[in-house]
Amino acid sequence: MPPSSAPARLAIATCAELPELDQDDRLLRDALEARGVATAAVVWDDPTVDWSAYPTVLIRSTWDYTDRARQFADWTRRVEHSSALLNPAEVVAWNIDKTYLRDLEQRGLPIVPTIWLDPERNMDARAIHTRFPAFGDFVIKPTVSAGSRDTGRYEAGDTPSRMLAITHAKNLLGVGRHVMLQRYLRQVDTVGETALVYVDGQFSHAVRKSALLAGPYRRDETEGVLYRRERMAPRDASEAERAVADRVMATIPEVFPGLDRPLLYARVDLIPDDEGKPVILEVELIEPSLFLEHAPGSAELLAAAVEARL
């Protein structure tokens with residue numbers, strides 16, 4: 001069916017670098033158009049856009065927001081005053097900063113072991129050094145980031161690597177960014193990361209994501225890059241992975257008791273700990289890749305869920 005000539009009922013929010021949408025989002029757009037839903041791809045920070053012209057706004061590939069997280073959160077609140085925003089602004093604000101993992105851990109969910117570094121403590125190199133593990137690899141990243149940007153992997157037993165880690169952490173803290181220090185769980189190198197996608201609160205499909213981090217953070221690797229390229233393949237989630245991800249989805253209404261229905265979309269990223277048990281790496285509720293091309297029928301499933309909310 002050719003694209004509808006009717007006024008767009010739905011704005012698909014994207015970023016300036018992807019004005020025609022990401023490939024995954026084009027699959028969704030095509031599925032929506034096939035259902036007779038007129039859509040428009042709209043750049044989220046375009047100052048000329050009248051968002052009130054769109055009854056519903058769907059956040060998708062707005063992947064440059066992490067450099068302007070406060071501006072993005074303000075944008076979601078403004079849009080929500082005139083349109084139905086998917087997912088809601090309060091969920092976006094909570095999910096922007098990975099300290100949301102603390103909320104999940106406090107509710108009994110298993111997360112990757114994490115130490116949190118606060119820039120307000122003005123930590124010197126020695127204080128940072130004492131937070132590092134004594135052995136094994138570890139990861140340093142800011143709590144506000146996406147696509148493995150500003151993230152590095154280091155070796156606890158290697159002095160030059162520890163020095164690079166100190167510099168990385170100090171540079172982030174020095175510009176006021178909160179920092180996460182996480183153990184690198186080595187089974188991710190062999191088993192990989194499992195991303196479980198939910199549509200309207202129900203499990204849809206899962207993919208395997210290969211490990212991305214091979215070494216220390218290097219600015220030139222991510223300078224001007226929206227995200228690091230990932231290698232994905234379809235995967236059958238294990239019972240243990242489903243159990244953890246289902247618990248995450250059941251916990252979200254506890255965090256947001258005002259929600260009157262499940263979130264339109266969610267992605268739960270899990271990796272195995274040293275014993276092979278799944279732990280939460282991230283929960284993506286803002287603009288996650290949903291890997292629709294790896295799951296036949298998933299674009300149509302999401303399109304039907306979107307249409308039901310119009």
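Let me begin with the basis of what I will say. The model is predicted, and for that reason local features are taken only at pLDDT of at least 70 and side-chain atom pairs only at pLDDT 80 or more, while totals for chains, interfaces and linings use all residues. Residues are numbered from 1 along each chain as its sequence is written, and side-chain values use heavy atoms, with hydrogens and water left out.

First, the chain as a whole. Its secondary structure comes to nine helices and 13 strands, where helices (H or I, at least four residues) and strands (E, at least two) are DSSP runs numbered from the N terminus. The C-alpha atoms fill a box of roughly 65 × 45 × 35 Å along the principal axes. Of the 310 residues, 52% count as buried, and by buried I mean under 20% relative accessible area, with exposed meaning over 50% and partly exposed in between, for a 1.4 Å probe and protein chains only. The accessible surface comes to about 14,300 Å², of which 49% belongs to carbon and sulfur atoms; the areas come from the Shrake-Rupley method with a 1.4 Å probe, and for residues only the protein chains shown count as cover. If we take the contacts (heavy atoms within 4.5 Å) with a separation of 6 or more, 72% of them are between residues 24 or more positions apart.

Four strands form an open sheet in the order 2-1-3-4, with parallel pairing, and two strands are said to pair if DSSP finds at least two bridges between them. Strand 2 and strand 4 are the edge strands, each pairing on one side only, and the twist averages 25° from one strand to the next; axes here are lines fitted to C-alpha atoms, for helices over the stretch in contact, and angles run from 0 to 180 degrees between N-to-C directions. Strand 1, residues 10-14, is joined to strand 2 by five bridges, and Leu10 stands opposite Thr39 in strand 2. Although strand 2 is an edge strand, four of its five residues, 39-43, are buried, so strand 2 is largely enclosed by the rest of the structure. Further along, strand 3 (residues 56-59) and strand 4 pair over three bridges, with Thr56 having Ala84 as its bridge partner in strand 4.

The other sheet is antiparallel: five strands form an open sheet in the order 11-10-9-12-13. Strand 11 (232-234) and strand 13 (278-284) stand at the edges with a single partner strand each, so one side of each is left without a neighbour in the sheet. Neighbouring strands are turned by 30° against each other on average, direction ignored. Strand 9 (residues 193-199) and strand 12 (residues 265-272) pair over six bridges, and Tyr198 has Ala266 as its bridge partner in strand 12. Helix 8, residues 239-255, lies across strands 9, 10, 12 and 13, and runs at about 45° to strand 9.

What does Glu284 touch, leaving aside its neighbours within four places in sequence? Glu284, found in strand 13, is in contact with Asn95, Ala266, Arg267 and Asp269, and counts as buried at 15% relative accessibility.

A cis peptide bond with omega of about -5° joins Leu86 and Asn87, and Asn87 lies in the loop between strand 4 and helix 3 (89-96). Asn122 has a positive phi, near 50°, in the loop between strand 5 (114-117) and helix 5 (125-131), and counts as exposed at 67% relative accessibility. Phe291 also has a positive phi, near 55°, in the loop between strand 13 and helix 9 (298-307), but Phe291 is buried, with a relative accessible area of 4%.
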